Each structure stands twice: as structure tokens, then as C-alpha cells.
Amino acid sequence: MSAALLSPIVDYYNDEEELDSVDDEDERSVRCRDSDEDTEDASETDIANKQDDEDYLEVKEQMYQEKLTSLKRQLQQLQEGTLQEYQKRMKKLDQQYKERIRNAELFLQLEVSVLQVKNVLCAVLGNVVVPYDNGMERLFY
């Protein structure tokens, strides 16, 4: 009789199909809970990422607006002639221009002096031919 009482209990625990189905249900419920938690985590992550993206875009837009304002201000100063960079370049160009004019005037004075000396020598010496390295050359034309 004790064997008869034990056999349904033993059969109940030894029935592999029932144990497998119970294990499958447990795994599914655990997976479902994990999936729900993952979904919640993903949703939180998505929300955080969207907020980060919005913050990034907001900062980027603000930087763009600041740069645009700065460029407009520089353009206005350039048109007025008050932009510091423009004034520096104009000053440098003006100095270069004055230096070139000075050099050209000096060169002109030198050429005029040479011509005056040639004229004086021509008048005194006449048309003189002098020896040169590769032959004869007229001193004055």
C-alpha cells in the first residue's frame, strides 16, 4: 500500500514532459520580464538620446546664430571702413605704395643724373669710341 501511495507522487515528479513544460513556462516568463525590462531600458535610453540630440541641435543652432551675427557685424564694419583687420591691411598696402613711389622717384632722379652727365661728357669729348671686352663700343650715343 505504501508503494501504491508513493507511485503517483513519484510518477508526478518523474513525468519529464510536465517538467519540461513547466521549465519552458518559467523561461518564457523570465524572458518576458527581461524583455519588458529591456524595452523599458531602451525606451529610457531612446528618450535620453532624443534629449541629447535636441540639446546638441539647440547648441549647434545657437553657435550658428552667434557666428552669423559676428559675420554680419564684421561685414558692416568692413563697409564702414572701421574693421581693425581691414585697417591694418590698408595701412600695410599704403606703406608699400609709398615705398614703391619713393623708389621710383629715386630711380628717376638717378636716370636723369646719368643722362645729364652723359650730355656734359658728349659736349666736352664728342663722339668717342672706347675699347670694351668684346670689341669696341661707343661711349655716348
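How many helices and strands are there in the chain? I looked this up at the outset and found three helices and two strands. For these elements I took DSSP runs, numbered from the N terminus, with helices (H or I) of at least four residues and strands (E) of at least two. Read along the sequence, their pattern is α-α-α-β-β.

**Entry on the model.** I note that this is a predicted model, in which local features need pLDDT of at least 70 and side-chain atom pairs count only at pLDDT 80 or more, while totals for chains, interfaces and linings use all residues. Residues are numbered from 1 along each chain as its sequence is written, and side-chain values use heavy atoms, with hydrogens and water left out.

**Entry on confidence.** I then looked up pLDDT, the predictor's confidence in each residue, from 0 to 100. The chain has a mean pLDDT of 76, and 57% of its residues reach 70 or more. Confidence is lowest in helix H1 (residues 2–14), with a mean of 50, and highest in H3, at 91.

For burial I used relative accessible area: buried is under 20%, exposed is over 50%, and partly exposed lies in between. Of the 141 residues in the chain, 1% are buried.

**Entry on salt bridges.** How many salt bridges does the rule give? I counted by the rule that a side-chain nitrogen of Lys or Arg lies within 4 Å of a carboxyl oxygen of Asp or Glu, and the count comes to three.

I looked up arginine 89, which forms a salt bridge with glutamate 85, with the closest N and O atoms 3.9 Å apart. These two residues are separated by about one helical turn because they stand four residues apart in helix H3 (residues 84–125). Arginine 89 is exposed, at 58% relative accessible area, and glutamate 85 is exposed too, at 52%.

I next found lysine 98 and aspartate 94 joined by a salt bridge of 3.3 Å, N to O. Both residues belong to helix H3, four residues apart, or about one turn of the helix. Lysine 98 counts as exposed at 53% relative accessibility, whereas aspartate 94 is partly exposed at 37%.

A salt bridge also links glutamate 99 to arginine 102, at 3.3 Å from N to O. The two lie three residues apart in helix H3, about one turn of the helix. Glutamate 99 is partly exposed, with a relative accessible area of 39%, and arginine 102 is partly exposed as well, at 44%.

**Entry on patches.** For patches I used residues with over 30% relative accessible area and no salt bridge, joining like charges within 9 Å and nonpolar side chains (Val, Leu, Ile, Met, Phe, Trp, Tyr) within 5 Å.

Which residues make the nonpolar surface patch? I found Leu75, Leu78, Tyr86, Met90 and Leu93, covering about 440 Å². H2 and H3 are the elements that give two or more residues to this patch, and H3 supplies the largest share, three residues. Methionine 90 sits in helix H3 and is partly exposed, with a relative accessible area of 39%.

I also recorded a negative surface patch formed by Asp52, Asp53, Glu54, Asp55 and Glu58. Asp and Glu count as negative and Lys and Arg as positive, while His and the chain ends are not counted. The place of a charge is taken as NZ of Lys, CZ of Arg, CG of Asp or CD of Glu. Glutamate 54 is located in helix H2 (residues 16–80).

Technical notes: Accessible areas come from the Shrake-Rupley method with a 1.4 Å probe; for residues, only the protein chains shown count as cover. Buried means under 20% relative accessible area, exposed over 50%, partly exposed in between (1.4 Å probe, protein chains only).
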